[in-house]
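My entries follow, kept in the order of looking.

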Amino acid sequence: MENANTATLAFEIGTEEIPAFDLHKATEQLRTLTGEALDAKRIPHGDVSVYSSPRRLIAVVGDVALRTEELTEVFRGPSAAIAFDDQGAPTKAAVGFARGKGLSVEDLTRRSVDGVDYVFATRHVASVEVDSMLPEVIEGVIESISWPKSCRWGTQSAFFSRPVRWLVALLGDKVVPVRFAGLEAGRLTWGHRFLAAGPWEVAHADQLLDVVRSAFVVPSEAEREQAIRAGVAAIEAETGSKAELPAKTLLEVTNLSEYPTPLKGTFDEEFLAVPEEIIVDAMLMHQRYFPLYDGQGKLTNSFVLVSNGDPACADTIVDGNERVVRARLSDAKFFYEEDLKRPLESYVEHLDEVVFQETLGTMRDKTDRIVALATHLAADASLDGDDSRDAARAALLAKADLVTNAVVEFTSVQGVMGSYYAAAAGETDQVARAIADHYRPRFSGDALPESTVGRIVAMADKLDTICGLFSVGQGPTGSSDPFALRRGAIGIVAMLQAGLPVSLEQAVDASLATYADAGIGFEREAVRRQVLDFFITRTSVMLRDEGVHADTIDAVLACDVVEPAIIIARARALEAARSQDPDTFADLATAFSRADNLRDASLGEEPDRSIMEASERALLEATDVAADAVRRALADDDYPAALASLAALRAPIDGFFAEVMVMADDDGVRTMRLRLLNRFAAIFKDVADFSKMAKSR
Amino acid sequence: MSQPLQAAPVAQAAKTQALPPTFQDVIMNLQRYWAEQGCVILQPYDNEVGAGTNAPATTLRSLGPDTWRTAYVQGCRRPTDGRYGENPNRTQFYYQFQVLMKPSPDNIQDLYLGSLRAIGIDVEAHDVRFVEDDWESPTLGAWGLGWEVWIDGMEVTQFTYFQQVGGFECSPVPVEIAYGLERLTMYIQGVDSMFDIVWSRGSDGVTFTYGDVYLENERQYSKFNFEVADTEFLFREFNEREAECMRTLEAGLPLPAYDSVLKCCHAFNLLDARGVISATERMAYILRVRTLAKACCASYMEHVVGVDPETGEPKRSLEGEE
């Protein structure tokens, strides 16, 4: 592939261990940045391949031209008539044009195009040796990688994810003297820290990857992941079990090793008495091990660890890891058993040791508010006595596990542990389940709490957080949403949409009342509006995400609906109606918009029937029929029927506008027509503002 | 256990027995090793601290342009972690081995791995990993980037490049290495309880364990921290130490002023263990400590480093500056 005019460019940024997730993102940036930097200097090149390991980022670019191409550019300027004055002297226009191209006016030439004389500027860009440009190009790439967090080190002022310790940069067999952070690139690279440290010499850019590979470094995330998956599959086959490989942990493990070796470890079976969630948390979150499950999906006492050490020392490494797991699980077992010595309810009072939010008090305060709010919601949903009691009880206990030993130590098991402790303390199944479920849905698309009781507690908890933060002026701004209020709102909307029979508006009032009662000072009406608007915005975004048009949503929202479930049902129905019968709705929107523009509320809606013509009478009759039908449909919550009734007005309104001129000279006739239009437009008011969907708006 | 212990050089002790190094071997070997890297081997700071980082040799000396290298053992007090000596992994007092080098040497990771070899860990035969773990201390207005170091899955060291201390940029950048001595020694000796660590072993075989040395301390201090410490006295101590700190700073003496910050921290930690600080008060106390700590750093910048803490400009023209 390579010929005398091109060469391979390879460079490596050698670093101390880059954080796993940052490395993943930086690798993709490296590809784009390298290509763009070469293009910006007009350096012809082939494909850019990128590689990485925790201690290096590598880019290899094929077929990099050794010289840039010579370039002649011709630009057409003003016409000769403008470029030169009567005496034939160049005008300001000509001088400016020449200067803009980096030439003087004498360099301009004249040429005729289609019979008109123009001035032209011709610029030559000479061919340049690429190797002289490359240091700057590569330095720019290194500096342009953006990191979530970066640091300085030693006496250097440069920033990078972690300290950079070596640079390799080769064009063919020649070193490119890239400089960064006090280093100058050479041809020496370093291998796996313990298996083949190096340094190793790289003779030619084409050999960089081979040298790195031979030094026990698998230089690509995909290859390492493949190696890990293969190793895990072998262990699965050997043990007849199945590993859980969550994407996040897998990526982390993949980027925590240069030469991964999956190994099997075990722990004592006695620990299986501890709730599975704790064991899994200890393994996945703390140790980055993959738990193994048996054929029935039950957790086993084996796990997969991914070592970066010497495979020959596997026994030592497994033994060490097993000791760590043993210590952790002993702790977990101890904590779990300690926690069980007291009923879950006894932990509630200790929630005053956990701050919810500085101004809003502790989790104990929050618990009181959630109980009040859940009680309100249970009444609003007309739950029966048992369910209603369960909702209040689950709300009281929902946060209690936050101060148990097990959750303090293994935070990801919050809720789940509360559920175990609740069951052990003799709470009902529904209460226990609701405690575990009340954090749901934890992300978009997550399962909702199973029972209505669970949903009520989940809504109370989330809404309490939203109302509280808004009341102290800490609603989300831009990308900053530390209390995950958006996610909370989306969760509530999802539950309402799934049929939780409660009013958001009333719940917001009930929640704000709990804060006002607690003495938190805020502008009640303003915060109420902010919270409702916040939900409306979340609901709109969810609708947009599922493909509903913005003008459909606007039309629905113009009718002052605030309940997310109603907004969603209406927007979907209107969107469906519009897509089924686009002509009718487009036409009706235009007609409504016209009527709406002419509307004069001062005239009322009682037109003088005695002076009506046929088209007017037809519109009046159709309007009255539709008004009645819309009223009934809305009373029955049958929004599609209301839309269908409105759609029936298309012919009469079109007929009306075709036949008559509204602004007639005769006062009586004009008034009659305006009143008729008022009457017509009024029916839409509770359904949707069709003018939002009019093209000519 | 009253026989005199023979003072044998560490290397010799390790050679004569195939037994793993004792707790004090680990300490002495680390001190020897880091001394060879040019560190000033300090003795533990004689004031209560929650971590080796809080000793002035790290906190204050991280500031300013001068080269600084130190290593020291530091006893750390965390009253709320007391478990009456009943938990094998958790105590209200434990030891860190702290290394601070400013500017951070280019080969610092290799130097660190060398220190593991120096205490008998064959790093080539284990899985030693640097796992992202950034550090932030709101009370010190400090943060840095680095890792926790794992050996076969066990976290044994914190490794941090300090970026800011007391709200001031660190330039040059110091690197801090903090070893958990008990955890490291448990690993080396293969014991599952901290109290089973062999602290010393005489040539005649007389052996002291960590439990021999500290178990009674854990029992007594846990009881004191959680049940006995006089809270009124501690509240008063906090307030008076706070005032003393400000007064000392007005006299332009950041080093003794910083002692009062440490006293405030410890009083606060004890009050916390006594369970008398409510959640809302808690934040207020932390803010008060932060204010003091930052003021000490600012005073250190002004009086020791010679930089105006407001502008960052040199306070006086320094010799040799162009």
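Buried area, as I use the term, is the accessible area (1.4 Å probe) that two parts lose on being put together, summed over both. I note that this is a predicted model, in which local features need pLDDT of at least 70 and side-chain atom pairs count only at pLDDT 80 or more, while totals for chains, interfaces and linings use all residues. Residues are numbered from 1 along each chain as its sequence is written, chains are lettered from A and ligands numbered from 1 in the order in which they are written, and side-chain values use heavy atoms, with hydrogens and water left out.

**Interface.** I looked up the area first: chain A and chain B bury about 3600 Å² between them, and 50% of it is on carbon and sulfur atoms. Of the area that chain A buries against chain B, 20% is supplied by Arg152(A), Phe194(A) and Arg323(A), more than by any other three residues. Counting contacts (heavy atoms within 4.5 Å), I find 43 residues of chain A against 45 residues of chain B. For salt bridges I took a side-chain nitrogen of Lys or Arg within 4 Å of a carboxyl oxygen of Asp or Glu, and the rule finds 6 across this interface. I also looked up the salt bridge of Arg326(A) with Asp192(B), where the closest N and O atoms are 3.2 Å apart.

**Sheet in chain A.** Helices (H or I, at least four residues) and strands (E, at least two) are DSSP runs, numbered from the N terminus, and two strands pair if DSSP finds at least two bridges between them. I read an open, antiparallel sheet of 5 strands in the order S2-S3-S1-S7-S8. Strands S2 (48-53) and S8 (174-175) of chain A each have a single partner strand, so one side of each edge strand lacks a neighbour in the sheet. Strand S1 (residues 6-15) and strand S7 (residues 164-171) of chain A pair over 7 bridges in the antiparallel sense, and Ala10(A) has Leu170(A) as its bridge partner in S7(A).

**Backbone.** I found a cis peptide bond between Arg440(A) and Pro441(A), with omega about -15 degrees; Pro441(A) is in the loop between helix H14 (429-437) and helix H15 (452-471) of chain A. Another cis peptide bond joins Lys102(B) and Pro103(B), with omega about -5 degrees, and Pro103(B) lies in the loop between strand S3 (93-102) and helix H4 (108-118) of chain B.
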